[in-house]
Amino acid sequence: MSSLDAFTSHALSSENPVTSAPEWLRDNLGTFVGVPLRILLIVLGAVLVRALAQRAITRTVTRVLQTNEHDSEPRRTTRGPAVLQRDASRAQERREQRARTIGSVLSSIVTIVISVMGLAMILDQIGIALGPLLASAGVVGLAIGFGAQSLVADYLAGMLIMIEDQYGVGDSVDLGEAIGEVEHVGLRLTQVRDLNGGLWHIRNGEIMRVRNDSQEWARAVLDVSVAYDSNLEKVFAVLEETGMSLRSDHEYEGVLLEDPSVWGVQSIEADGIVVRLVVKTAPLKQWAVTRELRRRAKEALDAAGIELPFPQRAVWVRGAKDADAQDGRAEVPMSR
């Protein structure tokens, strides 16, 4: 009797899955179909939003590049520095680099944000609790943030350098120890080629101040030292005439932005009097203008009979020791 009961119960248990399978499938049909469908919709929505954002960023960058190509004159605004008055090809290269770099950064940020939001929505559909996951991610992110502070500072400084247009490719800058021409500006590093040909790699987060010699205009400063007995009014007239002759030279047309000006006596030194001549020039042309002014000023001063100073030194003549002892003669100063 016990064996018959066991057989009957086994038969009923073997038939139970067959009879309950349709009901189980009907009860879980929403899970098998609804969850994958919602996940698919989330993925398609994320892809669509990213494509739209990427298209908007690309169109913005393209519009900026096209606008810069049509700009023949430098823009002057009260909110920021003017675009460089220099070689158009280098200026265009600089603008393209800034626009494309900023566009690439914006595209990466949009991709990361959309991906994280989509992943969180998918995990929520699967049934994974986001609270503990977000807490763990926050702790990990905090640890990474403390460990990569300098890296984050470099990237933020690089973004600000590009947005504010502090300097760009082709600029002549002074970054402290690194002085030269900028060859590359990235989000993390700036590369500067110095006068001796050395290539400096500077982290953007370490750049505390920048002197840019390439924006808007520059100034050529020439200090001329003349003798004490020179006629200063004549010196002023000769230097002003020298500057005006350079201003009217066709070779320097467009280089000098205004008439040269004699500022007067800059200093009185032991050997002579220093007179200063200045003129506003195009960016990066101040050194060539200063050299040419120095050459012409030398010729003009020689032609006008104005002497350059010579060192004023005291010469002491010492006699023989025995003669000094006998005659009691002292050292006699002679000025030259």
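This is a predicted model: local features need pLDDT of at least 70, side-chain atom pairs count only at pLDDT 80 or more; totals for chains, interfaces and linings use all residues.
Biologist: How many bridges join strand β3 to β4?

Modeller: Strand β3 covers residues 189–194 and runs antiparallel to β4. Within this pair, L189 stands opposite R203 in β4. The number of bridges joining β3 to β4 is 5.

Biologist: Thanks! Which strands are the edge strands of the open sheet?

Modeller: The open sheet is formed by 5 strands with antiparallel pairing, in the order β4-β3-β2-β1-β5. An edge strand here pairs on one side only, and that applies to β4 (199–203) and β5 (211–212). The edge strands are therefore, by the definition that pairing takes at least two bridges, β4 and β5.

Biologist: Is T190 buried or exposed?

Modeller: T190 is found in strand β3. Its contacts beyond four places in sequence include Y167, L175, W200 and I202. Buried means under 20% relative accessible area. Because T190 has 0% relative accessibility, T190 counts as buried.

Biologist: Which residue joins its side chain to that of T190 in a polar contact?

Modeller: N204 is listed among the residues in contact with T190, as are H201 and I207. The polar contact between the two side chains is 2.7 Å, and the cut-off for such a pair of N or O atoms is 3.5 Å. The partner of T190 is N204.

Technical notes:
Residues are numbered from 1 along each chain as its sequence is written. Side-chain values use heavy atoms; hydrogens and water are left out. Helices (H or I, at least four residues) and strands (E, at least two) are DSSP runs, numbered from the N terminus. Buried means under 20% relative accessible area, exposed over 50%, partly exposed in between (1.4 Å probe, protein chains only). A polar contact is a pair of N or O atoms within 3.5 Å; within protein, one must be able to donate a hydrogen and the other to accept it, and residues adjacent in sequence count only if both atoms are side-chain atoms. Contact means heavy atoms within 4.5 Å.
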